[in-house]
There are 2 protein chains.
Amino acid sequence: MIRIVIAEDHQALIDGVKLSLEYEKEIKVIGEANDGEMLIDLVVKLKPDMVITDIRMPKCDGITATQKIKELYPEVKVIAFSMFDQREAITQMKAAGASGYVMKNSSLKTLLSAIFSVNEGKHFFDDKIIIGDENSEEKIILSRREKEILGLIGQGKTSYEIAEVLFISKSTVDTHRRNILRKINVHGKTDLLRFAIERKYDF
Amino acid sequence: MIRIVIAEDHQALIDGVKLSLEYEKEIKVIGEANDGEMLIDLVVKLKPDMVITDIRMPKCDGITATQKIKELYPEVKVIAFSMFDQREAITQMKAAGASGYVMKNSSLKTLLSAIFSVNEGKHFFDDKIIIGDENSEEKIILSRREKEILGLIGQGKTSYEIAEVLFISKSTVDTHRRNILRKINVHGKTDLLRFAIERKYDF
DNA sequence: AAAAAAATACCTATAAATAGGTATTTTTTA
DNA sequence: TAAAAAATACCTATTTATAGGTATTTTTTT
């Protein structure tokens, strides 16, 4: 039996994950935290086998929480659960002692695979993550221009407005936009915006 | 001379605010922090007269940071700087010892007014904030259905998909959507989404 | 029971974003 | 210098969202 504590500030996501994990007899969710401080408290209280934690949370983020947890209980496995493929986050989570990294938009099967792998002492990093060579400092997924445009999208600007600001045609902005969607593997403005907004927080 | 430290995880916003404050001779921005921990360190190091801080930041949020700062240096004035009109945030910031609350979409004149008022020992809370009577626990701005729909929008669902989930027509969803935009006083999906996403974090 | 608020739903029209295609020029890297 | 990557730009078409209007039914509050 793998005893798990989930930390995630979106209760809806916790509910979803719990529901899916309930079908697995070998897994039991023994605690839920909505922020990093709650997570640490729960780990101290419950001594779980594993922690599945969001990276960005109120009060104390997942990286800091992981560091503390690993300091206190090195035997507790940690899987990071994040919205996007962000290599700094992966690097920092690895450094903090996490054994796995799963993206929220991956299937719950992926999460299950991660849980079982990590439980066996292995490491698990989500396939969806576009990994360069381990050495490369930071894999530039988006080009400079694409990052610039993504920033402007995050500021609420329309393609036409972005075109005006950058002195290029709307067609070009649309093309960049399409390429960004393809590169970060999302569809629709919601996820694009979530990426644009959260990438700044979610490390 | 009012010596100010700004804490905000969007460097672009810091730059904008700094630029505007530079024209004021009585104000000097003596430090910038990109997260709550940095903010506390800077306050200890620089002993500013005033702190302008975002509420949602990595590592340590603005509320916790404000509590710590007020504990250490009760004479340091704090102005909260947040994206939206969220009464829990205001309540918590007040409790933590903040003297003012300004929304990011207010004009910089508002921020200046806040700085000067707070510097004179007054309190300043942004006009844009829809305040009910001080007693009312939480002013319900959005109706239950509107909140539900906003949540689904935040999950990336289209109006049609939301209609399907709630067993109502797309027209109705669009009407609710329009009313939500009106009530929170924004235009366009970006701000709507920012509201939907950030209201969960930004307290 | 009457008034107010919330939820329902449709109409028209425009603006914005997505998705597919192609293609040229510029810049960077090997 | 040749190849690869990035930036530029247009075409078509569909879907989604915004903005204005109006109007009925249901629920809640006074």
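Guide: Ser159(B) is buried, with a relative accessible area of 10%. Before going further, note that this is a predicted model: local features need pLDDT of at least 70, side-chain atom pairs count only at pLDDT 80 or more, and totals for chains, interfaces and linings use all residues. Residues are numbered from 1 along each chain as its sequence is written, chains are lettered from A and ligands numbered from 1 in the order in which they are written, and side-chain values use heavy atoms, with hydrogens and water left out.

Visitor: Why is Ser159(B) called buried?

Guide: Buried means under 20% relative accessible area, exposed means over 50%, and partly exposed is in between (1.4 Å probe, protein chains only). Ser159(B) has 10%, so it counts as buried.

Visitor: Where does Ser159(B) lie, and what does it touch?

Guide: Ser159(B) lies in helix α7 (residues 159-166) of chain B. Helices (H or I, at least four residues) and strands (E, at least two) are DSSP runs, numbered from the N terminus. Ser159(B) touches Lys170(B), Val173(B), Asp174(B) and Arg177(B), leaving out residues up to four places away in sequence. Contact means heavy atoms within 4.5 Å.

Visitor: What makes Met38(B) buried, exposed or partly exposed?

Guide: Its relative accessible area is 33%, which lies between 20% and 50%, so Met38(B) is partly exposed. Met38(B) sits in helix α2 (residues 36-46) of chain B. Setting aside neighbours within four places in sequence, Met38(B) is in contact with Glu32(B) and Ala33(B). Met38(B) and Ala7(B) are 31 residues apart in sequence, and their C-alpha atoms are 8.1 Å apart.

Visitor: How do you know whether Leu193(B) is buried or exposed?

Guide: Leu193(B) has a relative accessible area of 0%, which is under 20%, so it is buried. Leu193(B) belongs to helix α9 (residues 189-198) of chain B. From Leu193(B) to Gln155(B) is 38 residues in sequence and 9.2 Å in space, C-alpha to C-alpha.

Visitor: And Phe167(A): buried or exposed?

Guide: Phe167(A) has 77%, over the 50% cut-off, so it is exposed. Phe167(A) is placed in the loop between α7 and α8 of chain A. Its phi is near 60°, a positive value in a residue other than glycine.

Visitor: What is the phi of Lys47(B)?

Guide: Lys47(B) has a positive phi of about 45°, although it is not a glycine. Lys47(B) is in the loop between α2 and β3 (50-54) of chain B. At 45% relative accessible area, Lys47(B) is partly exposed.

Visitor: How do you know how many disulfides there are?

Guide: A disulfide is a pair of cysteine sulfur atoms within 2.5 Å. A search of the whole structure finds zero disulfides over all chains. Cys60(A) is in no disulfide, and the nearest cysteine sulfur, that of Cys60(B), is 9.3 Å away. For Cys60(B), that 9.3 Å to the sulfur of Cys60(A) is too far for a bond. Cys60(A) is buried at 6%, and Cys60(B) is buried at 6%.

Visitor: Now the helix pairs. What describes how two helices pack?

Guide: Two packed helices are described by the angle between their axes and the distance between the axes. Axes are lines fitted to C-alpha atoms, for helices over the stretch in contact, and angles run from 0 to 180 degrees between N-to-C directions.

Visitor: What makes the α2(A) and α3(A) pair parallel or perpendicular?

Guide: Helix α2 (residues 36-46) of chain A and helix α3 (residues 62-72) of chain A pack at about 15°, with axes 10 Å apart. That makes α2(A) roughly parallel to α3(A). Angles under 35 degrees count as roughly parallel, over 145 as roughly antiparallel, 65 to 115 as roughly perpendicular and the rest as oblique.

Visitor: Which residues of α2(A) and α3(A) meet?

Guide: Gly36(A), Leu39(A), Ile40(A), Val43(A) and Val44(A) in α2(A) meet Ala65(A), Lys68(A), Ile69(A) and Leu72(A) in α3(A).

Visitor: What about α7(A) and α8(A)?

Guide: Helix α7 (residues 159-166) of chain A and helix α8 (residues 170-183) of chain A pack at about 115°, with axes 8 Å apart. That makes α7(A) roughly perpendicular to α8(A).
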